[in-house]
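Dear colleague,

I am passing on the structure below, together with some notes on what I found when I went through it. Please read the notes with the model open beside you.

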Amino acid sequence: MPANSALFAQSLTQWTQGTWFASVPIWVWALVSALLVIYMLALPFGGIATYVERKIAADIQDRIGPNRVGPLGIFQFAADAIKMISKEDYVPPGGDRFLFNIAPVLVVVGSCAGFVALPLAQYLVAGDINIGVFYIMAITTIIAPGILLGSWASENKWSLLGGLRSAAQIVSYEIPVALSILPVILISGSLQMGEIVKQQGWQSGHFWNVFHNPFTLIAFFILFVGGLAETNRIPFDLPEAESELVSGFNTEFSGMRFGLYALGEFVDVFVMCALVTTLFLGGWQLPFVELDKFMITLPSGLIALIQVGFFLGKTFVMVFVVMWLRWTLPRLRVDQLMGLCWKGMVPIALFNILGTAIWMWAFKGQSMLQVALGLFSGGGSSH
Amino acid sequence: MNLLDFSNSIEGYLLVSSILLTLGIFSVLTRKNAIGILLGVELILNAAGINFVAFSKFHLAALDGQMVTLFIILIAAAEAAVALAIILRFYRLKQTIDADEASLLRN
Amino acid sequence: MKWILLVAELLTVGSALIVAINPNILYSAVFLLFSFLGVAVMYLFAGADFLAGVQVVVYVGGVTILILFAIMLTQWLYRLKLKDIGSKFVVPGVVLALGLVPFLHRGLTELGKMVQAAPPEKMAEFAGSPKTALIGKALLTNYLLPFEAITILLLGALVGAVWLARPKA
Amino acid sequence: MAQSCLWIVALPLTAFVIQALVGKRLPRHGDWVSVLAILGSFVLATPIFLKLLSSGHVNDSLQFNWMVMPGVQKAVTITVGVLVNNLTAIMLFMVTLCASLIHIFSTGYMHGESRYHLFFAYISLFSAGMLGLVISDNLLTLFMCWEVMGLCSYLLIGFYYQKLSANHASLKAFMTTRVGDVMFFLGICGLYYVFGTSNLTQIYEGIKSGVGSNVTLVGMPALTFIGFMLMMGTIGKSAQFPLQVWLPDAMEGPTPVSALIHAATMVAAGVFLLVRTYPVLEAAQIVLPVVATVGALTAFLAACIALVQVDIKKVLAYSTISQLGFMVLGMGVGSFAPGFMHVITHACFKACLFLASGSVIHAVHTQDMREMGGLRSKMPITFLTMFIATLAIAGVPGFSGFVSKDRILGDALAYGMTHPTLMWIPILGFITAGLTAFYMFRLIFMTFFGHARDEHKHHHAHESPITMTFPLMVLAGLSFAIVFAGPTGIHSIDANLLPVHWFDHALENVKTEMGVKGLHVSEEVEHHAHSLAMVISLVVAGLGIFLSALTYLKKVISAEAFEKALKPIHTLLWNKYYFDDFYIKGIIQKLFLPLTVVMAKFDDKVVDRILVDGWARVAMVLKSIIGKFDDVVVDKVAVDGSGTVVAAGGWVLRQLQTGKVQQYLILTFIVFGMLLFYMTR
């Protein structure tokens, strides 16, 4: 059996020796856990995120924000959901019904499928695929056709323009994002996310990848900004630029279809932030603590909870930054957007790859921390 | 978890690839639209790729077939880019992309 | 687990069928996307994890988008002038395609019998091993020359495409 | 050690590249780049020298393949590399020291010149070439650096390219040295032919084991031929008789160049070549006497010319030639160590002299000694340092020149005693020593003593800035005997009085490891000769100084009277024995020009008329025949016929091309189907 499988799967197979559970093949448990993760995590997050974003917006703009439904309007998202579901299912007459229907589904599928490879904790990961990072990069590209088709299907100039912009933008920013992931791959030598996270532990010597060397620090920012662009967030939200295109690609969408678009966008943001966390911020690793020491004493479930807590904590910090930016920065022009991608980020990302390679070669793969410690303790300390 | 360790037979792959090839040829032949022809070509390329991958697992149990498929995919990408550029150019020239109109060199 | 593969194959073939026969070029493009996805899953089951990823990135993320762009830029949009079956070659096309099927299947299946299947444990071991590192090594050792050639080709294609599609001077 | 040697060479080279490319844009036109580079080389060379001083023996080498050529029997591999032995260590130290001092001097002397950066680029390149020559362990790289130095010498002599004389001088220097260089290359080829290598160490080994003792080349024993060729190289490079004509004209270049290239290092490189290849010369029996003869002749003739020169730099140039003659003489008579020591000592004091003269010229803006005089009070530091250097070159005890020259003369005397037929060699040497003292002091007196002949110039004269005087002081300090031997430099006395013998130790070691036999005469003959030689040389030196003092200081004897009395000799000397006229009027005009005329005639009459035009006629005839054939057969039948056939076929096939892609595809697929059918049947 491959190394990091689902925690439930492992422990269940341990607990249920001899019972009929044991006869159930492992991938069933993996699938079950995957579904659990998605439906217990992705959809609620999408809901709550709307509420949180509105609250943050209110705070930044010195308003109160939603405060009617429930205490502090905490159930606002439920109300929104109900409203969306109960709205009329409207398809523009000149539009293309079939594409109009499948487009939002593509978006949601593309963004939710990314969850499968996210390591929430050391053993709590739906499928720790051995091409995890690449898998996420690949599967999230399905979003682009979704948006494009949706924008086309709703017979509307603004929608089409938004869709074209969005597709161009996503396709372009795929490149710096992928290029800025490569340094991490260089360091960890594996595409497997669990592996990448494990190597950022305190005990393995080098700390989070952000601080591995100067280039990863740059790469971190490039990945984050590129992620913003890929998820059509401000300052890159040209596809749904209210001031130019009415509401961009989802102008004609209403009701649950619009809900799906919104959900897809939020989940995509979450996946991006989770990706950033996993690759650069050490995933579920606790800073400065060697969790394996406690492994003996604590029950594994508690460990899993701690790790999940830290993972989600980091991720939500990133998400908060994203929302914060939304209410802080102005929007770019199209030429500025493309210029930033092709003239700015792609060259820097390439430079990063080169620099990281040189660093790995020069310091035998030690992080800045190790190099510094090695300097102080005299002689390179290679773990 | 590793999605890769399942055993199955090669015939399925071969059947699928042959069907893809046939459909590709069909759409290449019957489309008036240049883009349609391009779609057919993509189908054909995929059929070839499936074949290579299948044989690389079931016949060689080695990596070579997959390498060839990798190159096929890359070349397909380049081909698509150039073909679509040509189509856009042609459209700008003739205001249509009917492949039969592209016959300036006739006779 | 076989049924996933079966679903993938059905998805591939079915959407390829729609690609071939649907008069609406846009639908053909959309279903081509699904067909690509099915092919990716088949790659996955043939032990080609990295290839599956490449397939999805390049085809779904790249080629499909390009084709959709091209369609939207070249068709006269809002009076969907997309119906385009009815080239003069329908009949020969159909005949030829159908006539090709038995040939192909016979040839391929016989080829499948002709090839002595690799020993199953070797096959499983090969299929189970992650391919990324291996492909990377192969690209820089045995397949270095084709790799370089491909890079040149891609560069040329890039420049050529940009030059072809440049706006009117 | 060897690696550091590589760095020593690399530093000035990089300086040259930087200067040549961006020197103009750098602050101060980038002279600091060159200066820092050469100082870095000096710093790198110092530890090697110190190791030599401490242990008395340095030996290290580094080799790597340069090119591998497929040979007839076996592949020929040419290795280049670095050979550091005592000679190299001493030379490195001396060259880097002189070069850095002269760089520093130049920053003052050349200040404000146009093409300032180019000047520094050139001397950096030159330093790189010289150092490379010193460290290179095989004759090929040595030859390359040799040529690089020739190029730099050419460029720097013609540095003031606006002056026609400078152009001519540079061309003259280049062409004259060419002669020697070609010979030298022939010698290298001969060495390759004999030993199958150009690596010095292997050549030493081969000589020790007697390889090539019975090989003959162009009718004479190979080693003799090689020896002569190497000697020719030396003659060309260090301006020996009969190729000495270029060096005086080389004084057209800036004075630091004269000091660095045409006094201290490059011309000494010729002698250094003799030193490096000394075993070969010894193995070739009859070469060494010739070398000694050449040296003696050069020394004497040049000294004679120097007597009558009035240009201060010309005097120094001829003294350089004659000192080089001393070195070559020493090499010839087999006094290996003193000869090499004279290279070093001469480098120091001659550089000092030249720089001092440069400082004088800088002050009075003329080179004619007749317009100088009484400058002692005006420029004390220059005067003092130049005076010390003069004492050194004149061979006054206690100064470095005495040590080396006295030993050379001693060995020469011993040599003469053993070979009475060659007795005139030491005699010429002693006379030259006296002449040297005479004209050097003549220079000093005319320049610094007496009353000012040109008030205006004298009025404007001033001491030079520190950048120019500091090198003078250092070099003057190095002109004391204590640096090389005892306080007085008198070999026999201070051997037990105060043994300062690092030089002799070093040379003894290197002699053993190179397998140099050196001068072999009986003990008492040597001791006798040395004591005698010391006395004689002291006497002649004193005599020379005394006479010149009488003549030019006290004016007791009138130089003009002598000039009147010895008119023909004076004119002969004044015209440098008509060597230039001989070369130009005689060889070039009488020999080469008629030859070229004959060649031109031959080309015109034979080649053009008969061969070319004749062939043209033949071609005309053939042409007409072929033309007919072409018209009738080829065009009508073959070309047009095939053309019509192709056109018809093309018309038929063209009906297929409808411009419809799918039709083509259908044809393709039909063929493909046939193939499948055929294959799977």
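B:Ile35 lies in helix α2 of chain B, where helices are DSSP runs of H or I with at least four residues, numbered from the N terminus. This is a predicted model, in which local features need pLDDT of at least 70 and side-chain atom pairs count only at pLDDT 80 or more, while totals for chains, interfaces and linings use all residues. Residues are numbered from 1 along each chain as its sequence is written, and chains are lettered from A and ligands numbered from 1 in the order in which they are written.

Is B:Ile35 buried or exposed? B:Ile35 is buried, because 26 other C-beta atoms lie within 10 Å; a residue counts as buried if 20 or more do so, as exposed if 12 or fewer do, and as partly exposed in between, with C-beta atoms placed from the backbone. If neighbours within four places in sequence are left aside, B:Ile35 is in contact with B:Ile87 and B:Ile97, and also with C:Ile25, C:Ile67, C:Ala70 and C:Ile71 of chain C, contact being defined as C-beta atoms, placed from the backbone, within 7 Å. The C-alpha atoms of B:Ile35 and B:Ala99 are separated by 8.9 Å, although these residues are 64 residues apart along the chain.

Helix α2 of chain B (residues 34-60) is mostly covered, with 23 of its 27 residues buried. Its end C-alpha atoms are 38 Å apart, which agrees with the 39 Å that its 27 residues should span at 1.5 Å a residue, the expected span being 1.5 Å times one less than the number of residues. After this helix comes B:Ala61, whose phi is positive, near 55 degrees.

Turning to the contact between chains, 77 residues of chain C are in contact with 67 residues of chain B. On the side of chain C that touches chain B, 57 residues are nonpolar, 14 polar and six charged; here Ala, Val, Leu, Ile, Met, Phe, Trp, Tyr, Cys and Pro count as nonpolar, Asp, Glu, Lys and Arg as charged, and the others, including Gly, as polar.

Finally, the largest nonpolar core has 214 residues, of which D:Cys98, D:Ala351 and D:Cys352 touch the most other members; such a core is a set of buried Ala, Val, Leu, Ile, Met, Phe, Trp, Tyr and Cys residues joined through C-beta atoms within 7 Å. Helix α15 (residues 336-364) of chain D gives the most to this core, with 18 residues. A second, separate core of 186 residues includes A:Leu263, B:Ala99, C:Ile25 and C:Ala48.

With best wishes

Note on methods
Contact = placed C-beta atoms within 7 Å. Helix = DSSP H or I, 4+ residues; strand = E, 2+ residues; numbered from the N terminus.
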